[in-house]
Structures are given as structure tokens and as C-alpha cells.
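Trainee: Could you take me through one model, a question at a time?

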Amino acid sequence: MTSAAPARPGTGAVELPMVVRQLRWEAAGVVSVELCAADGRDLPPWRPGAHVELVLPTGIARQYSLCGSPEDRSGYRIGVLRERASRGGSEYVHAFLRPGQPVRVRGPQDNFGFHPAPAYLFIAGGIGITPILPMVRQAAHQGVPWRLAYGGRAAASMAFLDELRPYQEQVWLYPEDRVGRIPLNEWLDQPRPGTAIYACGPEPLLAAVEDGAAHWEPGAVHLERFKARPKPALPNTEIEVVCARSNRTVTVPADRSVLSALEDEGLPVTGSCREGVCGTCETRVLEGVPEHRDDILSAEDRAVGDRMFPCVSRARGSRLVLDI
Ligand code: FES
């Protein structure tokens, strides 16, 4: 058994050789994949909301939320939707991944941050149910009041309905072809002090949750995005980045990201999504004010300003000192 604490952002992702233990059809277009360590050892611990990066035999790396039980250290479970516009990740998983096949897994990494709260409102759209499922189980186990609004195109495409069946009293299902979309106005109109909202799903749903809960207390809304929010192109200027631990200073041109400029100089940085979503490149800020352009940090985290994601974020001034 390892004795490591559950992974936190910025701790660096561990890469493990693993094998596929089992694949299971969960709903139309969704399979779950169970992974275990190639040497059979216990896996690093994780908390509800964490994700791993699956590196397929083709070299393609994709992030998937863990949707099994954190108590089961013998394996990780992820849910994979076959995307219509697959760039090779979900297509490979569905078409070619089979039990016994070796894969590499990095993580787990926890950007969602499932914090204790007096009550929870969970909102899931489609495959966004995956990080929510372990949260639901934990809230139920701890006896914390919670409700879940779960929407999908049709009941047949909504994964893990059988696992939610024991919680019928607290789960509202919205198969769009029968009852329409989740009526967010009904769910969010009345702010509930002390209730934390955790939502995951497609961008339009998350944007609607953010808008609909804008009048809730600050910090009530927690979102997990699979893709970066569409944003207007922002003007860049050249900045100077001091890598304190490496004792190196790098000039980052206006047309390069901080991450790629540091990589070019051989500095010890890593990235995966390169769009401010996965958290792999998280870096501590020692001096200077970051200009945050990621889709991970909350307004409160940004105000603290002690960490940034250099794949997308830059500096408010002309200089940053990073813990690299
Ligand atoms: S590489 Fe994914 S957040 Fe920076």
C-alpha cells in the first residue's frame, strides 16, 4: 500500500504502467474502463472529482474523471463517451481498447475540489455524471443533504442510472427527448445559503449554471470543464519569467505561451491539454501578479494569486517569479 495523501494540484502527476482490467457498456455511446496497476499494487489515493490522464498505446493522452470508489485502491474506473468529433481518444477506447491491454496513466489530479459543505446540489449533463457520481456516494455516505439534477439526450444515453437507483428520492432525471432540458431556473432561482453547487457537463450547461447561480453566495458554484470556454483573443506582451529554483530567467515572446517558452529552454515543466483545463502545468507563483486565463481557478483562488497555469496564463506586469 502506498502512504501518499490524495493528490492535490501542483504536486506533479505520477505516471503508472497499468492494464485494462475490464470494459463495461454503461449506456448508448458510453463504456466504463477499469484500470489496475500492471504489478497489481494499490493505486495512489484520490478524492471525488479527481481525474487521471490516460495515455493510449497510440500516444494520445486524454483526461477522464474517476467514477469508481475511492475506497477501492485496487483499480480506477473511468467513463468514456464515444465523441462524434473524436480526435482519436474516445474512438480508440471504444474500438480497440480491450482487457489485458497495457496503458499508461498519469495522476490522479484534483482540480474540482470536493469540499465539505452543509448541503450539495449536483448538476450533471451527459458524461458529466462521471465526477459527480463519487461525490453523490460520498455525500450519501456522510449523511449530508444533497440532490442531483441529471440530464442527457435520452435515457438510453445516460450512464450509471442503475448506480443512482438506490438514491431515487434525491435524483431528478431529465432525458431531453422526453422531458426537455434541466429546468435550471427552477433549481437555481432560490439561493440556498450553505449549499454548494457542483456541476459538470457540456459548456452551454455550465455557462447556464454560472449565470443562473450568479445571485448565490460567493464561492457556491464549482464547475469542472472538459474543454476551454470560448474566449476572445487577448493581447499579449513580452514578459520575463524568473525560474527561481532553476536560477534561470526566460524572456517569453508575445506569440508564445509561458509553458512552451520554458519547455524550449529545457526547464522542468509539463503540460497536457495546453488550454487551461487539465491542471497538469500548475505552477506556484512567488512574485508578480498572474493574468489568469484558465478554466480551473475560482474567483477566490485567483484573488490569492499564488498559483497559475502557464499553458494559457501570463502576467499583469512584465515579470513573474515562478517556483520552477
Ligand atoms: S496543460 Fe492543462 S492546464 Fe496547462
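Mentor: The side chains of Asp301 and Arg307 meet in a salt bridge, at 3.6 Å from N to O. A salt bridge here is a side-chain nitrogen of Lys or Arg within 4 Å of a carboxyl oxygen of Asp or Glu. This is a predicted model, where local features need pLDDT of at least 70, side-chain atom pairs count only at pLDDT 80 or more, and totals for chains, interfaces and linings use all residues. Residues are numbered from 1 along each chain as its sequence is written, and side-chain values use heavy atoms, with hydrogens and water left out.

Trainee: How many salt bridges does the rule give?

Mentor: Side chains of opposite charge can pair when their charged atoms come close. Counted by this rule, the salt bridges come to 29.

Trainee: Is Asp264 buried or exposed?

Mentor: Buried means under 20% relative accessible area, exposed over 50%, and partly exposed in between (1.4 Å probe, protein chains only). Asp264 forms a salt bridge with Arg256, with the closest N and O atoms 2.7 Å apart. Arg256 has a relative accessible area of 29% and is partly exposed. With a relative accessible area of 52%, Asp264 is exposed.

Trainee: Which residues of helix 6 are buried?

Mentor: Helices (H or I, at least four residues) and strands (E, at least two) are DSSP runs, numbered from the N terminus. Helix 6 covers residues 203-212, and Pro204 and Asp211 are exposed on its other side. The buried residues are Leu205, Leu206 and Val209.
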